[in-house]
Amino acid sequence: MRTNMRAATFIALAFFSFGAAANALQAPPKVLWTKDLKVLSPLSISPNGDLTFIGSDTKVHRTDTTGKDKWTFATGDMGRAQPLLMPDGGVLGASYDDTVYSLAANGSLKWKLKLDGDIYATPALRTDGSVIVATAGGTVYALSPEGKTLWTYKVGAPVFSSPAIGSDGSIYFGAQNNNMHALSPDGKLKWTFAAKSLVFSSPALDKDGNIYFGSSDRHIYSLSKDGMLRWDKTTRLFVNASPIVTETNLVVVGSYDGNVYAINTTGEDEWIYKAGAGIAAAAAELSDGTIIVGDLNGTLHAIDKKGEALWTLNTGRKIDTTVSVSDAGMLYYSNDGGSLSAIEKLRPLAVGPWTIFRGVPAGWGRSLQPAELAALSKARQAAATAVLAQTPAPKPTTPTPPQAGSGTTPPTASQPTPTQPKPSQPTPTTPAPSASTPEQYAAAAASAVRVQDSLIYLPLTTGSSALGWNIKTLTPRSATLSSGIKVGAVPVVYFNRTPYVALASLSKLPDTAAQLLPTGVKFTRSGKSVTFPLNVAALLPFGPQTEFTAQRN
């Protein structure tokens, strides 16, 4: 029997396991189909089951439930923002060409508007049909249903955090100035809350209007709607994933430390699930309380109400966007590379405050009104109560010590005293958290490696921290790093709204040298060395030495 214990030492659970052995896993559900659809954005689902997404082919796609295109619309660039499904069946899409596109239900263009920067963040739909759009140029726009600018707010820093709208119309979003912001419905600043590092995570709201988000400072935060700190929790690595709030008032979010954290909305710790690989995607809650989330190693995890694994599905490619679930219980997930897969005969989404990224499968990003919640309950009732095929019970096994993927119960501790944050802007320097070693940062960076144009890229935060550099400023195309009196600049690129830096660029920083070893890439700086455990030959099979030869020139 699991004891519900409290913990301020929540982080200790990332290192130790407690309690009884984990249950035997069920067999994973059968994948109905997988298709290469070049999916790049999170998937939006219409009430009739149609799918809408933005692809790496720079098109907005609408397909039927089998992935067959009904129509496509060509934009000026690819995009990662989830398309908004409008009440009239239309679509609002945004892409890296700085442009917002409003499309009719048949895919024809209604209007488009060019803004001041790339649009990584998913827009939010207000109850009057207007939308809130935030850009990497550092501006938040309110646009009318006809595409007219109602007002703008200058943030002064790129915004990759998708805005969330409260029941009173307040607008919440994070930015690269380390702050969570709150605007009034007419675009006036209400307050800011200073985290200790960058905020990529998109806020989620509970039924009382409280705000939840993560930060690169390795914390999960809860704020009241007037900007007061309610509680915060520490993780081992940065939290870029966006939280959800379940039907039973649990805040669930993954971290790059490979754990999924569940905390009730009053700040008491419930469980930690060890996924074993970094998590960048938001989770989703099904109507039976199951949590579904993918990790960067490409495993899809189903977690029960106790924080224990129900089943896992190895998909073979990293998952960095949220799953999507139709009202009929069809679950969709996409992998790095753009393939889309479907699993049928699962439960639909739970009806709660914020049970999936952006709150609903249509991507609206706002608190729902009572009538809207009632309509969702009715639409999902059949799938939520259907008799599903039962997985045969596993044979009894001898208990063994808990393993990765088992739920763990936190020890007892007190809750922090809420404090009122100052609304002033923080200093831009973001020191690397002291709790992790350079080797841990290097391992975390290597686990999220990307390759593009024959260059190896690592996440900027962990890659620079491994070498002792702090992020001083960050723009859509570059970052300034500092270490003591030393300052260096590196170009950056973005994958899933996360800034990455090339290994070649890191090697050109002051007092830094790189060496290719059989075990990885060794960096030496100011007499200290750290090795990124990378299989360069596998990552660059046609010329592994090219990048590092260029570094020495």
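Trainee: Why does Ser 505 count as buried?

Mentor: The relative accessibility of Ser 505 is 15%. Buried means under 20%, so Ser 505 counts as buried. The model is a predicted one, and the values discussed here are computed from it.

Trainee: Where is Ser 505 found, and what does Ser 505 touch beyond residues up to four places away in sequence?

Mentor: Ser 505 is part of helix H4. Leaving aside residues up to four places away in sequence, Ser 505 touches Val 490 and Pro 491.

Trainee: What makes the pair of Lys 70 and Asp 50 a salt bridge?

Mentor: The closest N and O atoms of Lys 70 and Asp 50 are 2.8 Å apart. A salt bridge requires a side-chain nitrogen of Lys or Arg within 4 Å of a carboxyl oxygen of Asp or Glu, so this pair qualifies.

Trainee: What makes Asp 269 and Lys 233 a salt bridge, and which parts of the chain does the pair link?

Mentor: The N to O distance is 3.0 Å, which is within 4 Å, so the term applies. Asp 269 lies in strand E25 (residues 269-274) and Lys 233 in strand E21 (residues 229-234), so that distant parts of the chain, 36 residues apart, are linked. Asp 269 has 0% relative accessibility and counts as buried. Lys 233 is buried too, at 6%.

Trainee: Why is the pair of Asp 511 and Lys 486 called a salt bridge?

Mentor: Their closest N and O atoms are 3.4 Å apart, and the limit is 4 Å, so the pair is a salt bridge. Asp 511 lies in the loop between helix H4 (503-507) and strand E41 (512-517), and Lys 486 in strand E38 (residues 486-491), 25 residues apart. Asp 511 is partly exposed at 45% relative accessibility, and Lys 486 is partly exposed at 35%.

Trainee: How many salt bridges are found in the whole structure, and which residues are linked in a network?

Mentor: The search finds 13 salt bridges. Arg 80, Asp 320, Asp 336 and Arg 450 are linked in a network.

Trainee: Why is strand E35 described as largely enclosed?

Mentor: Strand E35 spans residues 455-459, and four of its five residues are buried, so the rest of the structure largely encloses it.

Trainee: How do you know that E35 pairs with E34 and with E40?

Mentor: Pairing requires at least two bridges. Strand E34 (residues 450-452) and E35 have three bridges in the antiparallel sense, so they pair. Arg 450 has Tyr 457 as its bridge partner in E35. E34 and E35 form a hairpin with two residues between them, and Asp 453 in the turn has a positive phi of about 55°. E35 and strand E40 (residues 498-502) run antiparallel and are joined by three bridges, with Val 501 in E40 as the bridge partner of Leu 458.

Trainee: What makes E27 a strand with two pairing partners?

Mentor: Two bridges join strand E26 (residues 284-285) to E27, and four join E27 to strand E28 (residues 299-303). Since at least two are needed, both pairings stand, because each count meets that cut-off. Glu 285 stands opposite Ile 291, and Val 293 has His 301 in E28 as its bridge partner. From E27 (residues 291-294), Ile 291 and Val 293 point one way and Ile 292 and Gly 294 the other, and all are buried.

Trainee: What lines the largest cavity?

Mentor: The largest cavity has a volume of about 180 Å³ and is lined by 17 residues, with Ser 242, Ala 280, Asp 320, Asn 496 and Arg 497 nearest its centre. The lining divides into seven nonpolar, eight polar and two charged residues.

Definitions and conventions: Residues numbered from 1 in each chain as written. Predicted model: local features only at pLDDT ≥ 70, side-chain atom pairs only at ≥ 80, totals over all residues. Heavy atoms only, no water. Buried < 20%, exposed > 50% of the residue type's maximum accessible area, 1.4 Å probe, protein only. Contact = heavy atoms within 4.5 Å. 1 Å grid on protein atoms, 1.4 Å probe; cavity = no way out; pocket = protein on both sides within 12 Å on 5 of 7 lines; lining within 4 Å. Points joined across faces, edges and corners; volume = space filled by probe spheres on them. Nonpolar A, V, L, I, M, F, W, Y, C, P; charged D, E, K, R; others polar.
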